[in-house]
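Here is a short briefing to read alongside the structure. Keep the sequence at hand and find each element as it comes up.

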Amino acid sequence: MISERLKKVILAKLKLDEFDIHDVTLANEIPGWDSLNHISIIIAVEKEYNIRFKMPEVLKLKNIGELQKLVDSKIST
Amino acid sequence: MIINGGKKNLLWERWLTHSKDFPHKDAIVHWSATGEPFRWSFKSLLDASVYIAVYLRENGIKEGDVCAIIIRHNKFFYPLYMAVCAIGAIPSVLAYPNTRLHPEKFRSSLKGMSQKSGLDWIFTERELEDAIAPLVFHEKSTIRGLHFPLEHAEKYSAHNCDHDALFQAIEQIRLSFSDTMPLLLQHSSGTTGLQKGVVLSNKAIGEHVDNYCSSLKATQTDRVVSWLPLYHDMGLIAAFHLPLAFGMTSIQIDPFEWVLYPAILLEVIDKEKPTLSWLPNFSFNMMADKIHEDDIDTFDFSSIRMLINCSEPVRADSHEMFYKRFAKYGLSNDALTACYAMAETTYAATQSTPGARAKELTVDRESLSAGIVKMPLINRDSRVCVSSGLPINGCEIKIIDEGDKELGDDFVGEILIKSNSMFDGYRNSPEKTAEVLKGDWYYSGDFGFRHDNEYYVIGRKKDIIIVAGKNIYPEDIEDAVGKIEGVSPGRVVAFGIFKEEIGTEQICVIAETSLDESARKILRTKIIEAGMELSVTITQIHLVEPRWLIKSSSGKPSRKANKERILIGGDK
C-alpha cells in the first residue's frame with residue numbers, strides 16, 4: 001500500500017491536487033510524470049526520506065508499489 | 001577520407017572494407033546498465049548482417065521496399081538495420097511506443113505514416129503484434145506484412161554459418177546497386193500521421209560522413225558514445241552511421257535507461273574512454289543538476305575531446321553549469337562545442353571549431369528582436385548567443401530577408417543551406433518538398449545571423465515546440481485538448497516556453513472554458529491526460545474565460561500574441 005507520505009511527495013512534485021496512486025500504478029499513468037522529470041521525482045523521494053537509491057535499484061522499479069517497498073527497505077536499515 | 005570512391009561509394013562497401021581492414025576492432029558496444037556490454041566487432045557485425053539479410057530475402061523483402069523498424073534497445077538492432085541496407089531495401093527507424101501512448105493513437109500515427117510514406121513491411125517485437133496487425137489486414141493498407149526478425153536473429157551463431165555462401169548470395173543481389181539509391185527514410189516528429197519522410201541516398205550519407213569528419217578532425221581512433229534514440233537524426237546519423245562508415249567505435253546506451261539514470265553516460269565515459277558525444281541542450285542541464293556526487297566521485301572524463309550540443313537552441317548557461325560541475329573530473333572547457341543540423345541536409349550544416357569552446361556573443365536584446373546584431377550598451381537588456389560554428393565542407397549557408405534578399409553580417413534572417421548531402425525530397429510529397437527546397441537551397445525555417453564567419457541560430461519561423469530535442473507540433477496538442485468536454489471548441493492554443501533551469505522548453509496550453517472553479521480542477525487533470533495520450537507532458541495550463549484569446553488575422557487564436565499576453569500579464 002502506498003503511504004500518504006510518499007503520495008504527498010509525488011503529487012507535490014507534479015503539482016497535482018489529487019490522484020489515486022496504488023501499488024500497481026505505473027509511473028507514467030500519473031499525470032505529468034514523464035521521462036524528463038522522473039529523475040527529479042526520484043531525487044525528491046530521496047530527500048524526503050533522507051535515503052539514496054542505487055542505479056540498478058532505480059532501473060528495476062516497475063510500479064509505485066515497488067518504489068514504496070524500496071523506500072521501506074531503505075528506512076528500515 | 002574517401003574509403004571507396006566512385007560508383008561504389010555505398011555504405012555497405014565501406015562496412016565491408018572496415019571488416020577486412022580491422023576485423024576485431026569494436027564497431028558497436030551495446031551497453032546495458034544491468035549486464036555486461038555486448039561487443040560487435042566490424043567483422044562479427046557484418047557476418048550477422050549477412051545472415052539476417054538472407055533471411056529477409058527469403059521472406060520476400062526486396063530492393064526499394066520500405067521497412068519500418070520498431071524495436072527497443074537490442075543488440076540485434078544494428079545487424080538488422082544493416083541487413084535491410086544490404087539488400088537495397090530502405091530502413092525507417094520509428095519510435096517504440098511508450099506505455100502512456102494510447103494504442104489507438106499509435107495505430108493512427110502508423111497508419112498515416114504508412115499511407116504517406118508507403119511503408120511496405122514492419123519489423124517489430126511480438127509484444128506489438130496485436131496493436132499493429134489490424135493495420136496490415138486493412139484493405140487500403142500499404143503494409144504487406146509484419147515480421148519479428150529478432151526471433152530469427154537470436155538463433156544466429158557465428159560457428160554454424162557458411163558466411164562465404166551468405167556473402168556470395170548478397171553480392172549477387174547487389175551487382176546493380178548504385179550510390180544514388182535511397183539508403184534510408186527518416187520521419188519527423190509528430191503524432192497526427194502527417195510526419196514527413198526524409199529520403200537520404202548512399203551518396204548523401206557517404207559524403208556527409210567524409211565532410212563532417214573532416215570538420216570534426218576525426219580519426220579512426222575516435223570513439224563515440226550516445227544515449228540518443230536511433231529514430232532521431234542525431235542518434236541515427238551522428239552516433240551510428242558516422243562512426244560505422246568512418247571506422248570508429250560507437251557505444252550505444254539505452255535511451256530509456258539514460259533518462260531514468262543520467263549518470264550512466266558518465267559511467268560509460270569513465271569505462272570506455274570515448275572522445276565524441278552529441279547531446280541536446282537539456283541533457284547538459286540534467287546531468288549538471290541531477291547527478292549525485294558519490295555516483296561519480298572517482299570518474300575521469302578527460303578522454304572526451306568534443307561534446308557537441310545540437311537539436312535544441314544552444315544555451316551558454318547550460319555549457320557553463322556543465323563545465324563548472326564536471327571540470328574537476330577532467331572535463332576540458334574546450335570540449336563544449338555546438339553544431340547546427342537537420343535531417344534534410346543529412347545531418348550537420350555547421351560545426352564549431354574542435355579544440356575550442358563554442359564562441360559566445362553578448363548582444364543587445366531589443367536590437368536582436370528588430371533583426372540587427374549590436375553589442376549591448378551598459379544597463380541594456382542583453383542576450384548571450386552561442387555560435388554553431390562554420391559551415392562544414394560541402395555546405396554553403398546564406399541568410400535572407402522576407403523578400404529573399406541575401407543579408408550581410410549581423411542581420412537576422414532565415415537560414416538557407418546548400419549541401420552536397422541534400423535529401424532527395426520528402427517521400428511521396430513533391431509539394432512539401434517544393435515548399436522548402438528551391439533550386440539548390442533548403443529553406444530551414446530557422447532564424448539566425450552570421451558574425452565573424454560563424455553562424456548563430458536564434459529562433460524559428462514555425463511554431464514548432466522543441467522539448468528535450470523532440471519536435472512537437474502545437475496543432476496536435478490543440479486538437480486533443482479542444483476535444484475535451486468543457487473546453488470551448490477551437491479555443492485552445494499551445495506553445496513552448498523556455499525554462500532556463502532545465503535547459504529546454506515546456507509545453508503551455510491556454511484554453512477557454514466557462515466551467516466554475518471546482519470543475520476546472522478536474523479539467524486540468526483531463527488536459528494533462530490528453531497530453532499523455534500523445535506522449536507529451538503539458539506543464540502549464542491556463543484556463544481562461546470565453547473570448548479571452550486574441551485572434552490572428554485568419555480568425556484563429558494566435559499562438560504568438562497569446563503567449564506574449566500570458567508572459568506579460570498571466571491569465572487575468
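This is a predicted model: local features need pLDDT of at least 70, side-chain atom pairs count only at pLDDT 80 or more; totals for chains, interfaces and linings use all residues.

Which residue in β26(B) does B:I510 stand opposite? The residue facing B:I510 is B:H542.

- In chain B, three strands make up an open sheet, ordered β24-β25-β26, and their pairing is mixed.
- Strands β24 (492-499) and β26 (538-544) of chain B are at the edges with a single partner strand each, so one side of each has no neighbour in the sheet.
- On average, neighbouring strands of this sheet are turned by 25° against each other, direction ignored.
- Strand β25 of chain B covers residues 504-512 and pairs with β26(B) in the parallel sense, over six bridges.
- Helix α18 of chain B, made of residues 517-533, lies across both β25 and β26 of chain B. The helix runs at about 140° to β26(B).

**Strand β1 of chain B and its partners**

- Strand β1 of chain B spans residues 26-30 and is mostly covered, with four of its five residues buried.
- One partner of β1(B) is strand β2 of chain B (residues 38-41); the two pair in the antiparallel sense over four bridges. Here B:H30 stands opposite B:F38.
- Strand β10 of chain B (residues 249-252) also pairs with β1(B), in the parallel sense and over three bridges. In this pairing, B:V29 has B:I251 as its bridge partner.

**Domains of chain B**

- The domain assignment divides chain B into domain 1 (6-271), domain 2 (394-423 + 435-462) and domain 3 (465-569).
- The centres of domain 2 and domain 3 of chain B, taken over C-alpha atoms, are 31 Å apart.

**Chain A**

- Chain A has four helices and zero strands, and from the N terminus its elements follow the order α-α-α-α.
- The radius of gyration of chain A is 11 Å, close to the 11 Å that the globule rule gives for 77 residues, so chain A is as compact as a globular protein of that length.
- The C-alpha trace of chain A spans about 30 × 25 × 20 Å along its principal axes.
- Of the 77 residues in chain A, 21% count as buried.
- Taking contacts in chain A between residues at least 6 apart in sequence, 46% join residues at least 24 apart.

Conventions
Residues are numbered from 1 along each chain as its sequence is written. Chains are lettered from A and ligands numbered from 1 in the order in which they are written. Two strands pair if DSSP finds at least two bridges between them. Axes are lines fitted to C-alpha atoms, for helices over the stretch in contact, and angles run from 0 to 180 degrees between N-to-C directions. Two residues are in contact if their C-beta atoms, placed from the backbone, lie within 7 Å. The radius of gyration is taken over C-alpha atoms; the globule rule is 2.2 Å times the number of residues to the power 0.38. A residue is buried if 20 or more other C-beta atoms lie within 10 Å of its own, exposed if 12 or fewer, and partly exposed in between; C-beta atoms are placed from the backbone. Domain bounds come from an automatic or database domain assignment.
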